[in-house]
Amino acid sequence: MIFASDNWAGAHPAISENLARHSSGYASPYGSSDLDKTVERKFCDIFERDVSVFFVATGTAANALALASVNTPGGVTFCHREAHVIEDECGAPEWFTGGARLCAVDGPDGKINTGNLRHAIKRYPAEFVHSGQPMAVTITQATEIGTVHTLAEIDSISSIAKENGVPLHMDGARFANALVNLRCTPAEMTWKRGVDILSFGGTKNGCWCAEALIVMNPAHSGQVPFLRKRAAQLFSKSRFIAAQFDAYLKDDLWLNLASHANQMTVKLADAIRTSKTVRLAWEPQANEVFGIIKSTEAERLKAVGAVFYVWHVPHGSDVVLGQD
């Protein structure tokens with residue numbers, strides 16, 4: 001009974017088989033192989049435009065490199081106060097940027113409140129050298145608590161970013177899960193909404209170890225190859241990441257896997273609704289479920305083999321916990 005997270009799950013057989021298929025023989029290194037180029041073209045097809053694609057090993061690397069690629073002196077990136085980039089990446093974005101800061105912005109349901117975002121950006125007027133300058137806005141899709149930004153919500157955040165002349169980054173570690181929830185295309189959830197840079201996740205959705213940094217306008221990706229190399233994320237045998245994405249994107253496997261995960265989430269949430277010992281903290285929208293359970297019951301379940309995480313109550317949430 002593993003309920004911990006999608007990081008515990010194995011890889012899909014089709015992805016493993018394709019990785020094995022490309023493990024023999026020779027191919028040119030550092031992203032120059034035919035397979036690398038084929039997968040890059042697949043990404044362009046998926047996003048309905050030419051994009052620049054940079055394979056990396058982890059979502060943290062993708063996020064940190066994304067922000068490093070738009071870094072400015074004294075730069076400040078605005079994110080939700082409980083976003084993965086500020087809570088769970090051990091300072092990697094700050095380290096990769098050489099000291100750029102993350103400014104936490106409040107908002108319900110794991111999403112930035114647009115009024116709070118406007119106020120936060122105004123605290124850093126570009127002409128006031130002492131405070132630094134706005135550098136980027138980043139959102140998580142799906143969020144850290146399993147909610148999904150609607151297209152209208154992305155539009156609203158994007159418009160504020162554009163008003164202030166800063167790019168919008170999307171942390172898409174669970175990109176596919178959000179996409180199938182919204183029933184839209186990748187283009188409709190990204191560049192058509194004003195997203196400039198995307199961290200595209202595959203590891204949490206059936207890959208072995210495959211993430212990508214996608215720059216929606218290739219003209220803006222000039223420094224990324226050097227940043228990736230300096231960050232030790234340029235793999236000599238990058239065809240092994242490409243092989244994973246090759247299978248992942250074939251015949252909509254990535255969307256089918258996300259749909260299945262979301263459907264299992266609905267079943268688990270339905271079971272919790274009928275439980276006498278557990279209740280839902282909030283309605284899930286992707287592939288994450290958060291339940292409220294007495295500590296004694298939690299210990300009993302752990303003792304019989306259930307695995308799950310204890311999570312903090314989101315700031316500003318109306319969830320009320322008892323003492324036990």
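**The sheet**

I began with the sheet of this predicted model: 7 strands form an open sheet with mixed pairing, in the order 1-7-6-5-4-2-3. Strands here are DSSP runs of E with at least two residues, helices are runs of H or I with at least four, and both are numbered from the N terminus. Two strands count as paired if DSSP finds at least two bridges between them. Strand 1 (52-56) and strand 3 are at the edges with a single partner strand each, so one side of each has no neighbour in the sheet. From one strand to the next, the twist averages 25 degrees.

Gly201 has Glu211 of strand 7 as its bridge partner.

Some housekeeping: residues are numbered from 1 along each chain as its sequence is written, and side-chain values use heavy atoms, without hydrogens or water. Local features need pLDDT of at least 70 and side-chain atom pairs pLDDT 80 or more, while totals for chains, interfaces and linings use all residues.

**Asp106**

Next I went to the loop between strand 3 (101-105) and helix 6 (114-122), where Asp106 sits. I found Asp106 partly exposed, at 30% relative accessible area (buried is under 20%, exposed over 50%, partly exposed in between, with a 1.4 Å probe and protein chains only). Its side chain makes a polar contact with that of Arg81, at 3.1 Å (a pair of N or O atoms within 3.5 Å, one able to donate a hydrogen and the other to accept it; residues adjacent in sequence count only if both atoms are side-chain atoms). Beyond four places in sequence, Asp106 has contacts (heavy atoms within 4.5 Å) that include His80, Lys111 and His315. I also checked Asn116: its C-alpha is 6.5 Å from that of Asp106, 10 residues away in sequence.

**The cores**

Which residues touch the most other members of the largest nonpolar core? Of its 58 residues, these are Phe43, Phe47, Phe78, Val137, Phe200 and Phe245. A core is a set of buried Ala, Val, Leu, Ile, Met, Phe, Trp, Tyr and Cys residues joined through side-chain atoms within 4.5 Å. Helix 11 gives the largest share, 7 residues. Another core of 22 residues lies apart from it, with Ala66 and Met135 among them.

**Helix 1**

Last, I noted that Ile15, Asn18 and Leu19 are buried in helix 1 (residues 13-21). Helix 11 (239-249) and helix 12 (253-273) are among what covers the buried residues of helix 1.

Key:
Axes fitted to C-alpha atoms, helices over the stretch in contact; angles between N-to-C directions.
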